[in-house]
Amino acid sequence: MRHVPAEKAWGEMIRVAIVEDEKRWVDEFTDYVRRYFMERREVPDISVFSNGVDFISDYKEGYDLILMDIDMPGMNGLEASKRLRQVDEAACLIFITIMSQYAIKGYEVSAFDFVVKPVSYELLKIKLDKAMGYINRRKEVPSFVVQGAGAMKKVPLSEIKYVESIKHYLYIHTQEVELKMRGSMSDITDQFLSNGFAEINRSLIVNLAYVTGYNATDVSVAGEKLPLSRVYKADFLNALTRYIGTEGH
């Protein structure tokens with residue numbers, strides 16, 4: 001991997017990975033990306049990988065945008081992107097190819113778009129405008145990053161019903177699945193309490209949007225009864241009252 005140092009930032013730094021085995025294209029795409037973000041008065045933090053193996057073996061979650069060549073020796077872009085999606089479902093992926101029919105395979109790995117070599121700056125700019133619109137919309141949705149077992153998944157907070165702390169692990173209960181990661185309730189409390197959640201005991205924090213009722217000892221959350229601690233009851237009721245008032249229920 002080659003890291004291209006970012007210059008002084010005007011705004012939030014955008015993390016970009018360029019996965020390309022030919023130096024002429026690496027240099028061209030790096031220059032294009034720098035130029036694009038300079039025009040937007042934003043700063044790209046660019047990392048360059050010369051092949052798919054290096055990219056996926058050294059992968060660290062958090063790239064906003066990935067420009068990936070399809071035709072590379074060893075591990076091609078399609079195979080690398082399949083492995084990418086096992087650990088990161090959120091990154092915006094744009095394929096680089098010499099033949100447009102290859103890019104059809106990109107739909108199998110949720111590729112956002114593709115460009116065909118040779119690429120003009122004007123065309124890439126159009127593609128990047130679309131990609132940044134998608135990235136910025138995604139960032140506006142409050143979410144929580146679940147990390148564990150070598151994988152990362154970004155979950156919108158609106159999909160989380162409640163979080164349970166057991167020993168040294170957090171269990172994130174969503175509408176569809178239960179996710180597990182190492183951590184403690186103190187690691188997440190500030191973020192969750194500021195986004196419509198409330199504590200009901202020392203090991204449970206619930207999404208107020210899913211609360212359907214409560215009594216002296218329990219809170220009903222999407223059909224499940226969860227224990228309500230007397231110590232936390234007043235704060236929970238205050239949070240629920242504020243939430244209902246804000247939502248206009």
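Biologist: Which residues lie nearest the centre of the largest pocket?
Modeller: Leu193, Phe197, Ala198, Ala239 and Arg242, out of 13 lining residues. A pocket is an open set of points on a 1 Å grid over the protein atoms alone, where a 1.4 Å probe fits and protein lies on both sides within 12 Å along at least five of seven lines; lining residues have an atom within 4 Å of a point. This is a predicted model, in which local features need pLDDT of at least 70 and side-chain atom pairs pLDDT 80 or more, while totals for chains, interfaces and linings use all residues. Residues are numbered from 1 along each chain as its sequence is written, and side-chain values use heavy atoms, without hydrogens and water.

Biologist: What volume does the largest pocket have?
Modeller: About 230 Å³, taken as the space filled by probe spheres set on the points, with grid points joined across faces, edges and corners.

Biologist: Which element gives the most to that lining?
Modeller: Helix 6, with six residues. Strand 12 (197-201) and helix 6 (230-247) each supply at least two. Helices (H or I, at least four residues) and strands (E, at least two) are DSSP runs, numbered from the N terminus.

Biologist: And the second largest pocket, what's its volume?
Modeller: About 160 Å³. Its lining has 14 residues, with Val146, Ala151, Met152, Lys153 and Leu179 closest to the centre. Helix 3 (77-87), strand 7 (143-148), strand 8 (151-156) and strand 11 (178-182) each give two or more residues to this lining.

Biologist: Switching to packing: at what angle do helix 1 and helix 4 cross?
Modeller: Roughly 60°, with the axes of helix 1 (residues 23-39) and helix 4 (residues 121-140) coming within 10 Å. Axes are lines fitted to C-alpha atoms over the stretch in contact, and angles run from 0 to 180 degrees between N-to-C directions. The two helices are therefore oblique to each other, a class left over after under 35 degrees (roughly parallel), over 145 (roughly antiparallel) and 65 to 115 (roughly perpendicular).

Biologist: Which residues make the contact?
Modeller: Helix 1 brings Phe29, Tyr32, Arg35, Tyr36, Phe37 and Glu39, and helix 4 brings Tyr121, Leu124, Lys125, Leu128, Asp129 and Met132; contact means heavy atoms within 4.5 Å.

Biologist: Where is the cis peptide bond?
Modeller: Between Lys117 and Pro118, with omega about -10°. Pro118 is in the loop between strand 6 (113-116) and helix 4.

Biologist: What is phi of Arg41?
Modeller: Near 55°, a positive value in a residue other than glycine. Most residues other than glycine have a negative phi. Arg41 sits in the loop between helix 1 and strand 3 (43-49).
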